[in-house]
Amino acid sequence: SNNYKKNMIRNYFYLVVGVLCLLSAVTHEMNGFTTLFPALSNTNIDAESKVTFNYLWHIIATENVVMGIALVLIALRKNDNAGKYIAQFVMALLAVRWASIAFSTLTSDGGNLTKILPESIIIWILILLLWLGTRRKEKK
């Protein structure tokens with residue numbers, strides 16, 4: 001029975017990133033409810049813009065949930081091409097997300113990339129962990 005448990009998790013890299021994606025979805029939502037949404041209600045921006053901010057905020061959280069669930073599920077599977085493709089897809093999504101954050105930051109007032117250093121480090125660590133997960137060979 002102990003041997004069965006050991007073999008349940010096939011790829012710890014995917015598992016770690018999956019759990020981090022799920023955690024970030026939760027913290028992202030909590031952040032929205034504690035800071036962003038109250039701040040928006042105190043501004044003079046029109047109702048339509050508020051709705052747009054709201055759904056964009058929730059889209060990021062739900063994307064993180066979907067990525068997290070997908071990665072946790074492939075962490076439990078035998079290493080196969082499907083899992084590798086899902087991991088590569090998530091890597092691409094994270095890289096594009098980072099690029100859009102970096103581009104937005106560079107083109108905004110001040111354009112100071114040090115402002116996004118924490119997110120940048122986290123995103124690139126996740127990408128590295130996923131890459132290591134795709135390189136991992138199944139033990140025979």
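Guide: Let's settle one term before we start: a residue is exposed if its relative accessible area is over 50%, buried if that area is under 20%, and partly exposed in between, using a 1.4 Å probe and protein chains only. This is a predicted model, so local features need pLDDT of at least 70 and side-chain atom pairs count only at pLDDT 80 or more, while totals for chains, interfaces and linings use all residues. Residues are numbered from 1 along each chain as its sequence is written, and side-chain values use heavy atoms, leaving out hydrogens and water.

Now, the rings. F33 is exposed, at 55% relative accessible area. F37 sits four residues away, about one turn along helix α2 (residues 12-41), which holds both of them; helices here are DSSP runs of H or I, at least four residues, numbered from the N terminus.

Phe, Tyr and Trp rings (the six-membered one for Trp) pair if their centres lie within 6.5 Å, and the planes make them stacked under 30 degrees, edge-to-face over 60 and tilted otherwise. Since W57 belongs to helix α3 (residues 47-75) and F37 to helix α2, this pair ties together parts 20 residues apart in sequence. W57 is buried too, at 19%.

Put together, ring pairs join F33, F37 and W57 in a cluster.

Conventions:
Helices (H or I, at least four residues) and strands (E, at least two) are DSSP runs, numbered from the N terminus.
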